[in-house]
Amino acid sequence: MQMGLIGLGKMGANMNIRLTRGGHQLVVFDRNREPVDAAEKIGSIGAVSFEDLVSKLSAPRAIWVMVPSGDPTEQSIQQLIELLEPGDIVIDGGNSNYHDTMRRANMLRSRGLHFVDVGTSGGIWGLAEGYSMMIGGEQEAVERLRPIFETLAPAPDQGWGHVGPSGAGHFVKMVHNGIEYGMMQAFAEGFEIMHAKTELNLDVAQISEIWRHGSVVRSWLLDLTANALRENKDLDGIAPWVADSGEGRWTVQESIDLDVPAPVITLSLMMRFVTRQENSYAARLLAAMRNQFGGHAIKPKD
């Protein structure tokens, strides 16, 4: 199958390799020329602009946009819709807000274009392990893209599925990432408790390996945790600062809008904010309050 791919960051580049190895012909474009040159070396066709990419694809076209969510995705889609023809498909494989996805789907539909949202999980490991894909959009468009999804997935019949109408793919991926926040926080807290129990001299890297086999908490996330601890058990040189890319916030907002309690996901998001406060005013105020009501000692600032 022939397809265009816009965006050759690490994940997009790995997708390009997997699709090319699967026998698909890709026309690729990135604003940086270097990854395009690399893609050409494994058999993809390079493009120098959106116009060039579209011209090198035969109709009906399918173009996968794999760029950061927000304005980069918006600008890419706006440029594409001016170049495409009725019947063409635009795929958004990034972590877009599902509200934006629904709006974009309506915009493209009014021009006779199809829009498919693909919540994509697998990160840099997707090349070797395959990608998990949660897909929203019209059934006809999704079915046309089946060979692509079967190639990118861990197996043709595993790890991907059409979950609902436009926006559903990104909505499900949003919740997926919210759950991920909670799981990561639980692992981080548990390993910190063990690391702090110095009198037992626990080897947390060893324990992570034990848990990987037979334990009810075994998971790919634990596998990655074990990798990290094996490489750097004391996490030397790593700053205690954790970013959030948006999906956790959106999941919490949906839980509020739907009156669905989600305390674990919500608190895991809040804990990421805590990591960004080198000198937390709230923490200092808590210490002052404890001193006021109980005479508890205040630790002097270094």
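Me: Is serine 166 buried or exposed, and what is its relative accessible area?
Reply: This is a predicted model, in which local features need pLDDT of at least 70 and side-chain atom pairs count only at pLDDT 80 or more, while totals for chains, interfaces and linings use all residues. Residues are numbered from 1 along each chain as its sequence is written, and side-chain values use heavy atoms, with hydrogens and water left out. Buried means under 20% relative accessible area, exposed over 50% and partly exposed in between, with a 1.4 Å probe and protein chains only. Serine 166 is therefore buried, its relative accessible area being 15%.

Me: Where does serine 166 lie, and which residues does it touch?
Reply: Helices (H or I, at least four residues) and strands (E, at least two) are DSSP runs numbered from the N terminus, and serine 166 lies in the loop between E8 and H9. Contact means heavy atoms within 4.5 Å. Leaving aside residues up to four places away in sequence, serine 166 touches Met102, Ala105, Arg109, Phe115, Asp117, Gly136 and Gly137.

Me: How do helix H9 and helix H11 pack, and which word describes their angle?
Reply: Axes are lines fitted to C-alpha atoms, for helices over the stretch in contact, and angles run from 0 to 180 degrees between N-to-C directions. Helix H9 (residues 168–196) and helix H11 (residues 220–231) pack at about 40°, with their axes 11 Å apart. Angles under 35 degrees count as roughly parallel, over 145 as roughly antiparallel, 65 to 115 as roughly perpendicular and the rest as oblique. H9 and H11 are therefore oblique to each other.

Me: Which residues make the contact of H9 with H11, and how do they divide by class?
Reply: H9 contributes Met183, Met184, Phe187 and Phe191, while H11 contributes Leu221, Leu222, Thr225 and Leu229. Ala, Val, Leu, Ile, Met, Phe, Trp, Tyr, Cys and Pro count as nonpolar, Asp, Glu, Lys and Arg as charged, and the others, Gly among them, as polar. The residues of this contact divide into seven nonpolar, one polar and no charged.

Me: What kind of aromatic pair do phenylalanine 149 and tryptophan 160 form?
Reply: Rings of Phe, Tyr and Trp (its six-membered ring) pair if their centres lie within 6.5 Å; planes under 30 degrees apart count as stacked, over 60 as edge-to-face and the rest as tilted. By this rule the count comes to five aromatic pairs. For phenylalanine 149 and tryptophan 160 the centres are 5.5 Å apart and the planes 35° apart, and the pair is tilted.

Me: Which parts does this pair tie together, and how many residues apart are they?
Reply: Both phenylalanine 149 and tryptophan 160 are buried, and Trp64, Phe149 and Trp160 form one aromatic cluster. Phenylalanine 149 lies in helix H8 (residues 146–152) and tryptophan 160 in strand E8 (residues 160–164), so the parts tied together are 11 residues apart in sequence.

Me: Which residues does the cis peptide bond join, and what is omega?
Reply: Most peptide bonds are trans. Here a cis peptide bond joins alanine 59 and proline 60, and proline 60 lies in the loop between helix H3 (50–55) and strand E4 (62–65). For this bond, omega is about -5°.
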